[in-house]
Amino acid sequence: MYENTVQDMQPRGLSNEERENSPPPSAVDGNSTKQFEPNDDWNDITSDFFNCVKELKLGELVHDSTFGLLDAMSAIEMMDPKMDAGMSCNREATPLTFDTAVETGQIKLNNLQPKELIGIIDAVYSCTVSWLEGHSMAQTVLTCLYLHKPNKIECKTMRSFSIAIQKIINLIRSITIKANVYEEEDFQHSTFDYNLSAEITETKAMNMLKAAEEELIKKTKESEDEREKEEIQALLARVRFTRLFLQSLVGVYPVKQGTSWPHGQEVAAQSTLSLKTEMIEIVKSLNGALELAQVIEKTIELGTQPEEGSDVPNPIGFSMMVNQRLLPPTFPRSTKIKDRHLSIQYLTELIQRIKHSCKIINCTSYNAALNFLMDFNKKFTPCLLSRSIPQILYFPTLRMVFGVKPFTEVLKESVKAFIAPPALRPDNPLYNNPFAISCINSFFEYNEPPFQSFFAICGYNRAQQRDHLGFLLQNFPHVQDGAERVDVYLHSLTPRSENSRHLACFGTWAFYHCLRAMSFYLLAGLELELYSVHEYLYIFWYLYQYLFSWIVSALTRAETFLAEQEYAADPKAIKSNQKKPKPKKRKAKTDVKEILFNEAMETLCGGYYKALAGFIKEDRIPEPLPMFDNEQVRFEHRFAPFANLTTPPPMPYSEFKQMKMIMLQSSATELYAAAAKHFHEARTLLETFPNPDEEWNDIVKVAKMNFVMMNLLASGHSRQSKLPPEFDFSCHRYFPIIKQRK
């Protein structure tokens, strides 16, 4: 029997409380003074330590029971410059601050030459771009000493620029924090308690820049030296660019006050019109900044340049270690300030993205806004700032679209445009029924957060979108259950004499959005290259057999229901006893493009599914070793977010296994021929729609290339080769071009 050694060391006969308060054994013996006396008798054990280490075998580790591997991984090795942030500071005897730099004459507060000002401004913009890419403000923008105390700067141009940059930084920070579509690794918003000229308004900062511009224009006219005049004009372009950029951000981030919707629809309409007018002015400012950015890029060489081999972005006005003590006590990140030419190119692309993001004000419906964000992410691969701007423009205040219209009203309009439930039609008795109104309002108020989250998810970067979609799909069962209950209740309120029945209207709308989220989730995995090639079979199977076919079914049902509603509401059609409504009457509302696109996607995924089945039939796709693999576990892991859904029900692995066995009974030649047919049908569907966009043309190209390859394989091309096929995603991020080497 083993006894606790800790208990043996404690005095006998004492309670737990007495033991905690009792003095140590040395104090009882009267040796307390010796215990706390400093011991200067140190022994050097370095050689003994290394001799003991030699007895350890490779891979062996000796550690105390209270210090495990996790503690060792997160520990800081003291005095090591790579791990101890304090040692980085010790490289400089005294880190240069604003006051010490002024005292020693290392920075000038007045009489700055145009060449020096150009170099400082270009370096500050390089630091700003580095901050936007995720680095700490203390290691980028705030390394410029002029930004620490701009009010003490005597040079009018430098003072106005420093204050304006602080305002720009603060606006970018406010926009990103308000939009809240970033993670810790995307953006660091801490200002490290710097004031950022909070006492000066943005309007005053712009007026200061305007005054600096006028002074530079005057100097340009007075100067006779061509070189000096060129430098002043380059400096003027930078000051004007700063003012226009600041003016654009101020317009994007105004403080909008919401109106009372039931009593302010006219005010709301005027506010929306006013917002569009503001956007026109913002775009004008951005166009002006875009032109000036080209001038800036051409005149970068006119300013002072960073010294070779130095991390300092400019020889004047910067200290890389000035804020090192403000950083957390972890190993310091190696912050490389972005090159000046690349920084101006980044700002040029940023302005173009901001211009495009402002177009969201034209998206009056929820579906249009959602599609806009998805297309925006596809075309531009936007940065955090340009992803945040559509979020704050659409939701400047909580639950108010454009700051004037309740989000619940926008969702009602979305349902009405999608399927037009009888209860939302003014000519239906349920439209004014207080019980129906209360039921519908309660449904939208309760289920508003998931749809707002779906909109916000489209503002995250691609990797985070997929993670957040997985959590969003956990809430959709509640939305669908609520939609079904609303449909049943409204149908019970519908008079029997009424021709239009209220069946599955809200349910179809919720079902459609759930399917969009599911397909978005699976396709994002292809874009992020999360799937192995041997997993493509059940990914494309799920998209082909279920998701895209269900989306087409939901859209077709909504289309048919809308046509029936118009037919029932048309007295001429009833008198003429027309059996079916004419589709021509619904051209304005029919979204033929979306139905056609999803039909093409369904067929395209069918082509990949059968092509992959052919490759598996011929053992061209390497499978993982059975001892390290379980296909059912992989299958259930990939579709885990769908497990809680009731509509559509998650497809079990047993069904996929059965379909796979049936599919593999066909020969490889038949599978390749069937895949070629699918690719040809997808191409034909996409080519029938006039004026296709860039994505449609890319998918058509992919379908053409795969059609040719499948025909070659079906005719016996590379039949003897067992090399695995290549899947090239360079043309489209979701649908690869299949290549087979001989």
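Between which helices does the loop that holds Thr381 lie? Thr381 is found in the loop between helix H15 (366–380) and H16. That's one stop on a quick tour of this structure, which is a predicted model.

## Two residues with positive phi

Let's stay with Thr381 for a moment. Its phi is positive, about 45°, although Thr381 is not a glycine. Is Thr381 buried or exposed? With a relative accessible area of 61%, Thr381 is exposed, because anything over 50% counts that way.

Asn180 is another residue to look at here. Phi of Asn180 is near 55°, a positive value in a residue other than glycine. You'll find Asn180 in the loop between H10 and H11. Its relative accessible area is 46%, so Asn180 counts as partly exposed.

## Helix H9

Now for a helix. H9 runs over residues 114–132, which makes 19 residues. From its first C-alpha to its last, H9 reaches 27 Å, close to the 27 Å expected at 1.5 Å a residue.

## Salt bridges

Side chains of opposite charge can pair when their charged atoms come close. This structure holds 25 salt bridges. One of them joins Lys149 and Asp99, with the closest N and O atoms 2.9 Å apart. This pair links distant parts of the chain: Lys149 sits in the loop between H9 and helix H10 (156–179), Asp99 sits in helix H8 (residues 98–104), and they are 50 residues apart. Lys149 is partly exposed, with a relative accessible area of 30%, and Asp99 is partly exposed too, at 33%.

Glu448 and Arg399 also meet through their side chains, in a salt bridge of 3.4 Å from N to O. Here again distant parts of the chain are linked: Glu448 is in helix H19 (residues 448–457), while Arg399 is in the loop between helix H16 (384–394) and strand S1 (400–401), 49 residues away. Glu448 is buried at a relative accessible area of 3%, whereas Arg399 is partly exposed at 43%.

## A pair within one helix

Glu215 and Lys219 form a salt bridge as well, and their closest N and O atoms are 3.8 Å apart. Why are Glu215 and Lys219 separated by about one helical turn? Because they are 4 residues apart in helix H11 (residues 202–222). An α-helix has 3.6 residues a turn, so residues three or four places apart point the same way.

Glu215 is partly exposed at 27% relative accessibility, and Lys219 is partly exposed at 39%.

## Patches on the surface

What kind of surface patch do Asp225, Glu226, Glu228 and Glu230 form? Together they make a negative one. Glu230 belongs to helix H12 (residues 226–252), and at 38% relative accessibility Glu230 is partly exposed.

There's a nonpolar patch to find, too. Phe49, Phe50, Val53, Leu56 and Val62 make it, and it covers about 480 Å². Leu56 sits in the loop between helix H5 (46–54) and helix H6 (69–74). The relative accessibility of Leu56 is 34%, so Leu56 counts as partly exposed.

## Loops on either side of H26

Asp619 lies in the loop between helix H25 (592–617) and H26. Asp619 is exposed, at a relative accessible area of 61%. Along the chain, Asp619 and Lys722 are 103 residues apart, yet their C-alpha atoms are separated by 7.1 Å.

Phe642 is in the loop between helix H26 (631–638) and helix H27 (653–663). At 1% relative accessibility, Phe642 is buried. How far apart in space are Phe642 and Gly470? The answer is 8.2 Å, C-alpha to C-alpha, although 172 residues separate them in sequence.

Pro648 also has its place in the loop between H26 and H27. A cis peptide bond joins Thr647 and Pro648, and its omega is about 0°.

Conventions. Residues numbered from 1 in each chain as written. Predicted model: local features only at pLDDT ≥ 70, side-chain atom pairs only at ≥ 80, totals over all residues. Heavy atoms only, no water. Helix = DSSP H or I, 4+ residues; strand = E, 2+ residues; numbered from the N terminus. Expected span 1.5 Å × (residues − 1). Patch = residues over 30% accessible without salt bridge, like charges linked within 9 Å, V, L, I, M, F, W, Y side chains within 5 Å. Areas by Shrake-Rupley, 256 points an atom, 1.4 Å probe, with all protein chains shown as cover. Salt bridge = Lys/Arg side-chain N within 4 Å of Asp/Glu carboxyl O. Lys, Arg positive; Asp, Glu negative; His and termini not counted. Charge placed at Lys NZ, Arg CZ, Asp CG, Glu CD. Buried < 20%, exposed > 50% of the residue type's maximum accessible area, 1.4 Å probe, protein only.
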